[in-house]
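Me: I would like to go through the labels used for this model and see what each of them rests on.

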Amino acid sequence: MKRFLLLLFTLGALQLSTSQKQHFSYLDVFDLQYASDPQISPNGEWVVYRRMGYDIMKDGSKGNLWLIRTDGSQHQKLTSNEVNESSPKWSPSGDRIVFSSSTDEGSEIYMYWVASGKVAKLSQLPFSPSSLTWSPDGKQLAFSMNVPEAPPVIAKMPKKPKGAKWAEKPRITDRVYHEADGRGYIKPGFNHIFTIPADGGAPRQITSGNWHHRGTLSWAKNGSKIYFSANRVEDWEYRFRNSEIYAVDVQNGDIEALTDRNGPDYDPKVSPDGKLIAYLGFEDKVQAYQIRKVHIMNTDGSGKRVISDGLDRSISDIQWNSKGDGLYIAYDDKGNGKVGLVSLSGNTSKILGNVGGTTLGRPYPSGSYSVSKNGTIVYTQSTPNYPAELAVLKPKGKNPVKITGLSKSLLNYRELGRVEEVWYKSSVDGRDIQGWVVYPPNYDASKKYPFMVENHGGPILNYGDRFSAEMQLYASAGYIVFYPNSRGSTSYGEEFGNLLYNNYPGEDYNDVMDGVDHCIGMGIAHEDQLFVTGGSAGGIMSAWMIGKNNRFEAAVVAKPVMNWISKTLVADNYFYYAEHRYPGQPWENFEGYWKFSPISLVGNIETPTMVMVGMNDLRTPPSEAKQLYHALKLRKIETVLVEIPGASHGIASKPSNLITKIAHTVAWFDKYRTDKENE
């Protein structure tokens with residue numbers, strides 16, 4: 001039966017038409033593949049990357065490591081293992097690749113020898129490793145791993161009689177951060193840094209203390225120290241935004257703090273000559289959004305300075321160039337992922353764009369890049385027409401060359417919706433607001449189509465001109481889809497992103513509605529066929545919109561916050577909101593928290609509304625969605641509650657749930673469509 005189903009799905013995906021391409025469909029999601037985490041060899045000749053896709057039988061994602069030359073030739077699987085493989089890193093000489101691979105007991109460290117193609121397991125670890133990093137001489141590996149702690153004990157219980165079936169012991173917690181969405185309860189313990197010989201052997205713990213030591217690891221040039229970020233400060237649980245750069249002596253474990261300020265300092269990278277450390281961070285001004293800047297200091301912590309002040313964009317993924325006179329940087333600009341170069345003197349230049357494509361569902365920022373010693377760049381390239389493929393830009397090249405076509409066997413035979421960028425003015429203050437429109441496949445401008453607004457989450461995040469399975473499926477269902485980056489979105493500078501501080505939802509609502517009116521003016525939206533949806537912050541905005549007006553025929557409000565007072569103190573990130581989103585705690589600012597709660601507008605709602613939430617959501621708990629559903633039920637407004645079993649806040653982490661989300665949204669909206677001629 002399994003083979004028959006696989007054959008059926010495969011034939012369905014490969015079914016071709018000589019006269020007309022098929023539209024993108026639900027089961028096509030399982031045939032999408034994309035590239036992730038590319039790592040280029042030091043000589044710039046080879047790339048190892050993670051080839052990702054969905055498993056239709058196990059309803060999850062899968063990823064194997066593959067090798068390919070930078071000219072696109074000799075594309076081959078790294079190992080014969082059919083298990084999840086990740087975190088590949090080339091040795092300094094390029095003769096080996098270390099990576100992590102799943103086993104029945106968890107993830108372990110493996111080594112691949114390039115010359116022979118041999119693979120060996122190096123470790124036998126109690127927990128999965130992360131942040132694998134080579135020492136400069138290629139003889140040692142560093143990584144971070146959890147070290148468990150005993151849970152607190154409050155009372156000594158009597159010993160139960162032999163054979164007695166008593167209830168389970170209580171779970172006792174005394175930590176601020178004790179659960180995480182998608183992960184559930186966090187067992188007590190701390191991450192520490194370990195080293196292990198590159199040819200295998202016993203791992204050795206080199207950090208200590210009740211703090212987490214994780215994130216990027218960077219070795220000193222002589223291999224004597226490892227630089228890392230941590231929050232080894234007093235009252236660290238309550239200073240959750242803070243982190244500092246530290247150095248740990250590999251031999252004796254002595255730890256020295258190199259930074260000391262209120263705010264995040266992280267991602268240390270030692271320069272090629274071993275004299276400087278570059279890192280990311282900012283001084284916390286206690287506001288909703290601040291951009292991450294590139295900092296430089298000497299390896300002893302002296303001479304600190306910022307070199308990226310000329311770029312008003314948040315920077316990530318810094319990598320030194322081979323000369324040591326500048327750093328490659330990743331950043332988003334107007335909804336598009338970029339790689340640039342910032343010199344030590346502060347001059348910034350853009351090198352390439354269209355980085356992304358590793359979030360298949362919605363067009364969020366994503367993707368990564370890697371640079372060889374000669375300056376060849378490999379990165380994950382995406383456009384609205386395909387998810388992440390590998391592309392290469394040579395040092396003197398003007399245009400990147402795409403070297404993979406992982407999804408072309410599917411997408412070459414699908415008619416996708418055309419994506420168009422739109423700009424319009426905010427009625428609030430005349431700001432330029434950006435958005436995108438996705439047209440149904442084979443769009444006919446003479447016909448009238450239903451118009452769907454899809455609000456992004458975050459809210460301090462961005463959508464962009466990237467591939468999105470969800471947007472394409474909505475377009476295939478006959479909807480014109482509009483997704484805007486209203487104020488508060490990232491990739492437009494710090495001031496724009498910070499406009500939501502103590503003002504959320506606020507004029508971002510006006511920005512979205514101005515976009516709707518702009519599209520009506522374009523003739524692609526019509527007042528009697530407007531629909532709205534969104535998840536998380538997008539669900540908040542959708543609920544706010546139908547509470548502010550009755551212009552929409554129907555709404556789907558997914559995983560919303562309806563009541564900031566109730567949500568804030570039960571969510572996994574309950575400690576996050578005070579001062580950085582709204583002044584004070586909920587009991588100190590009751591009126592302020594209530595003012596921005598969509599439930600305060602529920603008495604105005606007349607729009608038929610589907611409410612959707614994952615039953616294991618710890619970020620915007622199901623109790624929030626139920627407040628909207630119950631209120632609408634009491635008011636006798638047409639509504640339905642869709643609860644997705646086993647789903648956390650990331651509903652679409654399972655491909656079947658992604659399909660469930662889209663199919664139910666389309667079915668709800670279809671009830672209120674009037675364009676019968678297009679059905």
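Reply: We can begin with a backbone nitrogen, that of Ile109, which lies 2.8 Å from a polar atom of the side chain of Ser123. This is a predicted model, in which local features need pLDDT of at least 70 and side-chain atom pairs count only at pLDDT 80 or more, while totals for chains, interfaces and linings use all residues. Residues are numbered from 1 along each chain as its sequence is written, and side-chain values use heavy atoms, with hydrogens and water left out.

Me: What makes the link between the side chains of Ser123 and Glu108 a polar contact?

Reply: A polar contact is a pair of N or O atoms within 3.5 Å, where within protein one must be able to donate a hydrogen and the other to accept it, and residues adjacent in sequence count only if both atoms are side-chain atoms. The side chains of Ser123 and Glu108 are joined at 2.6 Å, and therefore the pair is called a polar contact.

Me: Why is Ser123 called buried?

Reply: Its relative accessible area is 4%, and buried means under 20%, with exposed over 50% and partly exposed in between (1.4 Å probe, protein chains only); Ser123 is therefore buried.

Me: Which residues does Ser123 touch, not counting residues up to four places away in sequence?

Reply: Ser123 touches Glu108, Ile109 and Ile196, where contact means heavy atoms within 4.5 Å.
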